[in-house]
Amino acid sequence: MNDTTEQYDAIIIGAGFGGLYALHHLRDNMGLNVRAFDGAGGVGGTWWYNRYPGARVDAPSSPFYAYTFSQELVDEWEWKETQTPQAAVLAYLQHFAERTDLLKDIQFETWVSDARYNEASQRWTISTDKGEHASTQFLVCAVGALFVANMPDYPGINDFTGECYHTGRWPHEEVSFAGKRVGVIGTGSSGIQSIPEIAKQAEHVTVFQRTPQYSLPARNRPLSKEELKSYREDWENLRASMRHRGGWPFSTQRRRATDYTPEQRHAIYEELWEQGGIHLSINSFTGVLTDKALNEEVGEFVRGKIREIVQDPGTAAKLMPNYYFGTKRLILDNGYFETYNRDNVSLVDLREDPIEAFTASSIKAKHGEHPIDMLVLATGFDAVSGSMLNLNPQGRDGVTLQQKWADRFDNYLGTTIAGFPNLFMIHGPGAPGVFFTMPLGGELTTAWISECIRHVREAGLGAMEAQPEAEASWDEEINAIANGTLYPLADSWYMGANIPGKPRQFLGHLRGSQYFDRLNEVAEQGYEGFKFEAASG
Ligand code: NA7
């Protein structure tokens with residue numbers, strides 16, 4: 001241990017949307033002595049790494065996928081498209097960091113390699129890969145829901161000698177696909193966003209698909225100055241709507257499917273498909289994610305659209321999703337299904353033609369060998385829990401998080417963990433995370449965390465810790481919500497099903513607005529479910 005261990009009130013791990021806001025709020029509004037660390041070379045978190053071609057926010061974005069708290073910031077940033085591209089998100093975060101003078105308090109290219117709680121001092125000590133140590137009363141983990149890359153383990157994959165990129169670790173240098181035969185494994189958001197862009201350049205693209213996906217047309221377009229102006233002028237209302245409508249400012253239709261004939265319903269689906277974005281999911285009828293028959297009808301509508309778009313019936317058949325619509329992350333695309341009409345794109349359905357091995361220059365599937373020069377792994381992440389497990393803090397009694405979470409990702413309120421006093425998570429398991437607009441979710445979570453910190457400090461206490469009974473009842477509470485929907489039936493990353501051996505558990509809170517009410521209620525009731533310790537010294 002260095003003799004010069006720096007002392008902080010709070011340390012933040014991660015400089016993405018969540019971590020940057022936490023640094024700003026805890027330092028500038030709370031007056032705390034704060035330091036942030038990030039392994040990347042700059043701000044952005046997920047947006048720093050996911051810079052593959054075609055990467056965009058996969059939700060209605062501009063100007064809502066952004067910080068909401070500052071009218072000035074809303075007024076000064078010029079969003080240009082309705083579906084924000086990755087580079088614009090990154091530029092925005094850089095602007096935010098500069099205008100709030102955050103960069104001086106962030107240590108980049110520095111991994112926190114160890115974090116452990118000291119019961120006697122009631123403080124956390126962190127160590128970095130640079131050999132530094134720091135001590136803090138509060139540890140805020142803003143380590144990202146989509147950070148730990150899922151690398152497939154096919155026989156011989158390491159023998160492949162061509163270029164190989166994971167979408168979640170895309171290089172900063174330009175990658176040229178020109179004249180190359182590219183194999184893409186994975187058809188989640190990253191695959192579906194990148195495949196059309198890669199196909200524009202490559203000699204040939206072979207897509208290896210494990211699960212066909214529902215994807216809706218994003219209908220990305222320039223955001224007009226008039227639209228942006230009207231959003232700015234009504235910002236306080238829009239912000240309040242987002243807080244109370246699950247993260248988005250749009251009102252959702254409260255239509256009952258049974259009030260309409262099948263033909264009328266079909267006409268509504270058509271209209272919403274043309275409108276694009278997530279409207280088909282949120283604005284068709286109530287119950288799409290709870291009623292199997294209604295869900296099947298919407299799913300069949302989308303399958304019909306895929307059949308219409310994809311000219312080769314054999315390829316279209318392979319692209320038919322057969323799980324409940326919307327129960328895996330809904331994807332917004334810009335010409336994905338159309339891409340299969342190109343001569344230079346082919347599709348391998350891994351369900352009938354599984355990959356058996358890699359060679360130095362090809363992928364050998366059961367029914368044929370595919371020579372490739374470049375491999376793109378769009379295989380996703382060990383989502384939500386993976387980045388906390390990667391950090392693996394050591395809590396009370398020397399118990400590590402990997403030990404605690406061996407079978408289940410127990411937590412309280414999605415922000416705290418029994419046995420890990422004074423540690424907070426932003427977008428951890430049990431929080432709304434990707435089911436709510438993440439920048440706003442980060443603001444609201446940070447506001448709650450900062451009130452916890454204020455409570456501990458103003459009362460002269462030393463530590464705050466969730467109780468195991470509170471974790472158990474929280475688990476019941478969020479599972480009751482999830483089990484009332486079709487989500488748990490899908491093999492999705494929401495359920496941990498994409499990672500071999502990962503415990504199957506629904507990883508989010510589905511009702512973001514209700515969740516933030518619940519956080520406030522816990523605080524108002526004197527932090528029910530937490531134990532507080534007097535300060536040790
Ligand atoms: P996703 O959504 O997890 O997609 C990963 C894709 O890779 C998906 O099609 C997976 O199939 C597939 N996959 C994963 N492992 C394998 C192996 N071993 N073999 C073949 N195919 C595999 O990750 P993304 O990066 O696209 O998107 C993550 C989120 O980022 C997204 O939801 C947005 O919120 C932004 P599966 O469906 O699991 O069968």
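Modeller: Axes here are lines fitted to C-alpha atoms, for helices over the stretch in contact, and angles run from 0 to 180 degrees between N-to-C directions. The model is predicted: local features need pLDDT of at least 70, side-chain atom pairs count only at pLDDT 80 or more, and totals for chains, interfaces and linings use all residues. Residues are numbered from 1 along each chain as its sequence is written, and side-chain values use heavy atoms, without hydrogens and water.

Biologist: Why are helix 1 and helix 4 called roughly parallel?

Modeller: Helix 1 (residues 17–29) and helix 4 (residues 86–99) pack at about 15°, with axes 11 Å apart. Angles under 35 degrees count as roughly parallel, and the two helices are therefore placed in that class.

Biologist: Which residues of helix 1 and helix 4 meet?

Modeller: With contact meaning heavy atoms within 4.5 Å, Phe17, Leu20, Tyr21 and His24 of helix 1 meet Val89, Tyr92, Leu93 and Phe96 of helix 4. By class, this contact has seven nonpolar, one polar and no charged residues; Ala, Val, Leu, Ile, Met, Phe, Trp, Tyr, Cys and Pro count as nonpolar, Asp, Glu, Lys and Arg as charged, and the others, Gly among them, as polar.

Biologist: What lines the second largest cavity?

Modeller: A cavity is a set of points on a 1 Å grid over the protein atoms alone where a 1.4 Å probe fits but cannot get out, and lining residues have an atom within 4 Å of a point. Pro63, Ala66, Tyr67, Leu73, Val74, Trp77, Trp79, Tyr92 and Trp235 line the second largest cavity, and by class this lining has nine nonpolar, no polar and no charged residues.

Technical notes
Helix = DSSP H or I, 4+ residues; strand = E, 2+ residues; numbered from the N terminus. Parallel < 35°, antiparallel > 145°, perpendicular 65-115°, else oblique. 1 Å grid on protein atoms, 1.4 Å probe; cavity = no way out; pocket = protein on both sides within 12 Å on 5 of 7 lines; lining within 4 Å.
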